[in-house]
Amino acid sequence: MQKSVRYNEGHALYLAFLARKEGTKRGFLSKKTAEASRWHEKWFALYQNVLFYFEGEQSCRPAGMYLLEGCSCERTPAPPRAGAGPGGVRDALDKQYYFTVLFGHEGQKPLELRCEEEQDGKEWMEAIHQASYADILIEREVLMQKYIHLVQIVETEKIAANQLRHQLEDQDTEIERLKSEIIALNKTKERMRPYQSNQEDEDPDIKKIKKVQSFMRGWLCRRKWKTIVQDYICSPHAESMRKRNQIVFTMVEAESEYVHQLYILVNGFLRPLRMAASSKKPPISHDDVSSIFLNSETIMFLHEIFHQGLKARIANWPTLILADLFDILLPMLNIYQEFVRNHQYSLQVLANCKQNRDFDKLLKQYEANPACEGRMLETFLTYPMFQIPRYIITLHELLAHTPHEHVERKSLEFAKSKLEELSRVMHDEVSDTENIRKNLAIERMIVEGCDILLDTSQTFIRQGSLIQVPSVERGKLSKVRLGSLSLKKEGERQCFLFTKHFLICTRSSGGKLHLLKTGGVLSLIDCTLIEEPDASDDDSKGSGQVFGHLDFKIVVEPPDAAAFTVVLLAPSRQEKAAWMSDISQCVDNIRCNGLMTIVFEENSKVTVPHMIKSDARLHKDDTDICFSKTLNSCKVPQIRYASVERLLERLTDLRFLSIDFLNTFLHTYRIFTTAAVVLGKLSDIYKRPFTSIPVRSLELFFATSQNNRGEHLVDGKSPRLCRKFSSPPPLAVSRTSSPVRARKLSLTSPLNSKIGALDLTTSSSPTTTTQSPAASPPPHTGVEKLSPCRSPSTPRHRRYRQPGGQTADNAHCSVSPASAFAIATAAAGHGSPPGFNNTERTCDKEFIIRRTATNRVLNVLRHWVSKHAQDFELNNELKMNVLNLLEEVLRDPDLLPQERKATANILRALSQDDQDDIHLKLEDIIQMTDCMKAECFQSLSAMELAEQITLLDHVIFRSIPYEEFLGQGWMKLDKNERTPYIMKTSQHFNDMSNLVASQIMNYADVSSRANAIEKWVAVADICRCLHNYNGVLEITSALNRSAIYRLKKTWAKVSKQTKALMDKLQKTVSSEGRFKNLRETLKNCNPPAVPYLGMYLTDLAFIEEGTPNFTEEGLVNFSKMRMISHIIREIRQFQQTSYRIDHQPKVTQYLLDKDLIIDEDTLYELSLKIEPRLPA
């Protein structure tokens, strides 16, 4: 049993007596009782650090006492009055001064007091504060720290003195040794002298001269040594060593901080949650705990060991040897692969677990730990994601300040290369995983589900909103108008494009997606894209006039159902061009690959995958190229590093054209080459395909086994002989019977023949009628005959003439490449039929190659012109060269009709000066607002402000050309010249934020300021509904400025609903976790939208600083280009879709009026004037 504490009552009464007579502060105060929550008036007396209270002023015996040492005193607001009473009573109660005394030790309830006068209350608070000895305690703590510091200095001096003592002893020993050696040498010298000189006979002047010379030599040596030391201290080598040491010290600090973060993650979250999972009513399962935290505990143990090693090396400073530590660390860093690969999944599991209220409550309790410093669990789970790049950056900086002859140079370079390799592997795995998760996310959004998205080979291309135009029988459009509200509402579709399929969905009122019952899933292999309606189609003419040429058709011919047409309407011509370009590229790739697969699997053992494997240049690393393990949309390994020549070779490879490669190349080519070089390569491919295309590519495409011809002989009635394509190719074989004899297709050619691959483009109609030649050409003789494979380099007089005097001039444009391909390769299985010899078959193959090369050039140019028009607007010389090349293509008499039409479309798009750009520009808005009368803030509604802010933000955001995102120009000294539009966007963001803060500070009374805050928060919420997250951040950043945030009286007048809405908006645009919430919101929203540009600039800066553009061998870092292109594509996706908001000059004039803006310093001074600081 615990003994009671003895209490000396006499001593307490004596202190109470002194308090009554000599107390620091005495008077009546009201004390609140804890039991009944009532106020009782007592007489208080304060003596030193003890507070006594009596029943009355005349009472001798105290009713109680409080020890004030270590306590704190603060003012509290008046409690709300429950009952209604006379107005005078309520006013008197409200004027009373309330304050609370909080005691530092546990178990002691706070003392709540009040007094009648505010001045009296302040005096009591000041006296209690002095009695708490808080200043003395702080001073004691400071003195204690100084004492500890002095003790450490003394200990250090003792150690230094001890070391000096040992050094002196060693020096004494060394001196004695040297003396003995000198004596021995003198004895030896004396023995060798023939006679002993008499030193006493030496002239005294000579002695003085020698002494002066000795003194001068010593002085010169000391001066020279001092000069050498000073020169070294100022030398670049010493400066480099100082920076190197500073980098190492910073790395140790960062490693210590990282280990501390992992310690909090493991001990503050992982282990407590494991214990909670083992309880009787577990809020979370052990499997979920393992899925959330993965191998973070192992990572912590690894870095604790590494950190201990670093500290041990620092203890041996200035000898800093770090390479062997990295040699130990490198083999163990592979554990990061599992963490990075499953990081996104772990966050999803955590989000699902937060749906459980018990778990969410428990997690908030853990996050409230002071060690977390307000950070959430997601933040700690994100820290390991950046550790490997941080090591790479640190080693890069360390190597920059490490001399080439340094003992650690090679070891550090090896460690950096291994870390970069690990980072690349992790990036490739994350890219694959992100694509799969993107597909699964879309699949979960669709109510009915979609099995095709479970195919890992499906690569997401783009998504957006299009309007589906209703149609009637025979595929003709119904007479509807673009401005029809019912068409926009009922016909709006959410569309998703993948490499193999096109999904069309409707969105319900609840936000869920539903696939269309008919035509919801379109297989691209069955589709034909019609970019421009035929001139002969009257209905198409009408639709073009009604819809402003914003519509395009997709003709679907499924093999097991009737054909139908899907007509889609884009919001703008730019978005229509972007959709058509991506769809046509997908159709080109899938059809070309399908056609090649059919041909090869029927005629030789060389199939398309085997052909790719046979070409080592497509997957095997070489001195000028390096591949990653990830495959692109064409199932070819992605390029990691490559020379410019190899990149241009991949761009013009006739066997395939990857969409992601083409987008990456056209977005980033100006980093490693010029537009003139790219156009020159395309021109060479068109004019000289056989000399510009690698011979190995030509050989592999037409390679076949000469010894296996007989193996393919089959009966003429075999169904394989009459096999049709599963879908009409872009230049399709006619569905009608062909006069060509049914025979097996084969590719026969000598291995050294210069023959290229087949690559076809989309046609402008669903099917193409095929005509066959009337007869075969006669055998080759000495007379010069004409070839059907005429190219721009072939003389016009060389034409192939048919027997009977009929020429084939007109047949050149009517024979499709598929038919020519079948004719050229038809005799492989049965030998050469009458009328066909090897020369003529080769000539037909050359015709195929030339047409394929032309199609490839047109494909690249169409993509370049339609999606990268800014290149030609800023470079008139490039534009003229492309126009000349296209005009040269049009002059080719052998050009096929669809090729001629595609060339004309590109010419038309390139020749339009304004590109039919009907979008507003900021200069136009400023010009329109100059003559308008200014509006005041009170007269404008929140909806008007939000809409015009969104319009201005999107106009400025849309005007940024994508080349400004390259090279971190916005961080250079000449940023205003290199990136004027990015700087204009940044300036507009600051101006809008300043306008919001200035407008609030313009009001003198509290209520008006509170109303202005509530109105701006409402504007921010409407911006959120409009997907203008840049506008949301403009307003929230203004409200979080110190000049606004410190106005406590103003914020007290703001409603709770507004504050809750403010917290919600801030959470959406918070920068925590690399804008995790904003990224998730943008991922789930449909354009139009205005993202926060700073988020993308941060990503680009991280990529630019973490990886170089070129390797040490001079190869282009194409993995980096791919990451940059991915970010630029996301930015351009939001740039292309415009808002349908009417411009209101009266509102924009107010928003752009810089006379209303107050600078930051003046704002803060005004804030202090409105609400002065409270006295300390």
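Is Asp684 buried, exposed or partly exposed? Asp684 is partly exposed, because its relative accessible area is 27%, where buried means under 20%, exposed over 50% and partly exposed in between, with a 1.4 Å probe and protein chains only. The structure is a predicted model, in which local features need pLDDT of at least 70 and side-chain atom pairs count only at pLDDT 80 or more, while totals for chains, interfaces and linings use all residues. Residues are numbered from 1 along each chain as its sequence is written, and side-chain values use heavy atoms, with hydrogens and water left out.

Asp684 has a charged partner. Its side chain meets that of Arg688 in a salt bridge, at 2.6 Å from N to O; the term stands for a side-chain nitrogen of Lys or Arg within 4 Å of a carboxyl oxygen of Asp or Glu. Arg688 is partly exposed as well, with a relative accessible area of 43%. Salt bridges that share partners also join Lys25, Asp120 and Glu123 into one network. Side chains of opposite charge can pair when their charged atoms come close. By the rule given above, the count comes to 33 salt bridges.

One of these pairs is Glu55 with Lys42, whose side chains meet at 2.9 Å, N to O. Glu55 is exposed, at a relative accessible area of 52%, whereas Lys42 is buried, at 14%.

Another salt bridge is formed by the side chains of Lys867 and Asp582, 3.0 Å from N to O. Lys867 belongs to helix H26 (residues 838–867) and Asp582 to helix H18 (residues 573–603), so this pair ties together parts that are 285 residues apart in sequence. Both Lys867 and Asp582 are buried.

Helix packing comes next. Helix H28 (residues 876–890) packs with helix H29 (residues 897–911) at an angle of about 155°, and their axes are 10 Å apart. H28 is therefore roughly antiparallel to H29. In these terms, axes are lines fitted to C-alpha atoms, for helices over the stretch in contact, and angles run from 0 to 180 degrees between N-to-C directions. Angles under 35 degrees count as roughly parallel, over 145 as roughly antiparallel, 65 to 115 as roughly perpendicular and the rest as oblique. H28 passes H29 in a left-handed crossing, meaning that the near helix is turned anticlockwise from the far one by less than a right angle.

A further pair consists of helix H31 (residues 942–958) and helix H33 (residues 980–1001), whose axes come within 10 Å and cross at roughly 160°. That angle makes H31 roughly antiparallel to H33. The crossing in which H31 passes H33 is left-handed.

Helix H38 (residues 1056–1068) contains Thr1068, which counts as buried because its relative accessibility is 15%. Thr1068 and Arg1079 are 11 residues apart in sequence, and their C-alpha atoms are 9.2 Å apart in space. In helix H39 (residues 1072–1084) lies Lys1076, partly exposed at 32% relative accessibility. Lys1076 and Thr379 are 697 residues apart in sequence but 9.7 Å apart in space, C-alpha to C-alpha.

Two loop residues have a backbone feature to note. Tyr133 has a positive phi of about 60° although it is not a glycine. Tyr133 sits in the loop between helix H3 (118–131) and helix H4 (134–192), and counts as partly exposed at 26% relative accessibility. Glu373, also not a glycine, has a positive phi near 55°. The loop that holds Glu373 runs between helix H12 (357–367) and helix H13 (377–382), and Glu373 counts as exposed at 62% relative accessibility.

Val212, Phe215, Met216, Trp219 and Leu220 make a nonpolar surface patch of about 500 Å². Patches are made of residues with over 30% relative accessible area and no salt bridge, with like charges joined within 9 Å and nonpolar side chains (Val, Leu, Ile, Met, Phe, Trp, Tyr) within 5 Å. Met216 lies in helix H5 (residues 204–233) and counts as partly exposed, at 38% relative accessibility.

Notes: Areas by Shrake-Rupley, 256 points an atom, 1.4 Å probe, with all protein chains shown as cover. Helix = DSSP H or I, 4+ residues; strand = E, 2+ residues; numbered from the N terminus.
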